[in-house]
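Subject: Structure for you, with notes

Hello,

Here is the structure I promised to send over. My notes follow below it.

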Amino acid sequence: MAFNIQAFKSEGLTFNGARPTLFEVEISTNPLFSDTTFAQKHRFLIKATSIPASVVDSFEVPYFGRKIKYAGDRVFANWAVTVMNDEDFALRRAFERWHAHINSIVPNEMSGAAINGINYKTNAVVRQYSKAGPAEGPIAAYYFSGLFPVNVQGIALDWDATNQIEQFEVEFAYDYWIPGTSDQNDGGITDFGTNTVIL
């Protein structure tokens, strides 16, 4: 079976494989950082990201010189996107404004608009599409709740970097993500674990 190419084609990659280029990121608007330009451009200029990892920690209990492992709590590692920088610096400045509301650069303060613990957070989604494209709807979607930037990375400048577009990475912390089988606008997200619609 392992060397049967016909079996691989008929039982393995039956849909010819998912493609890493067919995705879209959408970050919900938030008055602390968003404007019309951000809302229009971010879905085009976020050029790379990842589907989040699913991680459950473990812990050990010793017994007579041996250790037994038990499942611990679920943890949510930070999530990052790579952004292409346009000459209007619209997305860069939006992320910098967002960061400044959370912690200002000089006085080391949180803005009055963000002082409520949830006001500086927002939601986001990464959608994976099939080769049929967005018209068919996403084949998978991952929704992030309580998201905010923890690291707006620098932009490399270099006289040798010809024929390139500037880019930078933004790393986010968030409360949790939910996997879905359909888009929120198409009737909700189905929890894989319980098979119930949650959003």
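The buried residues of α3 are covered by elements that include β1, α2, β5, β6, β7 and β8. In α3 (90-102), the buried residues are A90, L91, R92, A94, F95, W98 and I102. Buried means under 20% relative accessible area, exposed means over 50%, and partly exposed lies in between (1.4 Å probe, protein chains only). An α-helix has 3.6 residues a turn, so residues three or four places apart point the same way. The length of α3 agrees with expectation, because 13 residues at 1.5 Å a residue should span 18 Å and the end C-alpha atoms are 19 Å apart. That expected span is 1.5 Å times one less than the number of residues.

Before the rest, some ground rules. This is a predicted model: local features need pLDDT of at least 70, side-chain atom pairs count only at pLDDT 80 or more, and totals for chains, interfaces and linings use all residues. Numbering starts from 1 along each chain as its sequence is written, and side-chain values use heavy atoms, with hydrogens and water left out.

Overall layout

The chain has 3 helices and 9 strands. Their order from the N terminus is α-β-α-β-β-β-β-α-β-β-β-β. Helices (H or I, at least four residues) and strands (E, at least two) are DSSP runs, numbered from the N terminus. Of the 199 residues, 34% are buried. Take the contacts between residues at least 6 apart in sequence: 61% of them join residues at least 24 apart. Contact means heavy atoms within 4.5 Å.

The core

The largest nonpolar core holds 33 residues. I27, W79, V83, F95, W98 and F172 have the most contacts inside it. At least two core residues come from each of β1 (23-27), α2 (36-45), β5 (79-84), α3, β6 (122-129), β7 (138-152) and β8 (167-173). A nonpolar core is a set of buried Ala, Val, Leu, Ile, Met, Phe, Trp, Tyr and Cys residues joined through side-chain atoms within 4.5 Å. W98 is worth a look. Leaving out residues up to four places away in sequence, W98 touches L32, F33, Y120, T122, L147, F148, P149 and F172.

Loops

Start between α1 (5-12) and β1, where R19 sits. R19 counts as partly exposed because its relative accessibility is 37%. Beyond its neighbours within four places in sequence, R19 contacts Q128 and K131. R19 and S130 are 111 residues apart in sequence, yet 7.5 Å apart in space, C-alpha to C-alpha.

F64 lies in the loop between β3 (55-63) and β4 (66-75). F64 is not a glycine, but has a positive phi of about 50°. F64 is exposed, at 75% relative accessible area.

The loop between β7 and β8 holds N163 and Q153. N163 also has a positive phi, about 55°, without being a glycine. N163 is exposed at 82% relative accessible area, while Q153 is partly exposed at 31%. Q153 touches R92, F168 and E169, not counting residues up to four places away in sequence.

Which residues line the second largest pocket? They are A156, L157, D158, A161, Q164, I165, E166 and Q167.

Best wishes

Technical notes:
1 Å grid on protein atoms, 1.4 Å probe; cavity = no way out; pocket = protein on both sides within 12 Å on 5 of 7 lines; lining within 4 Å.
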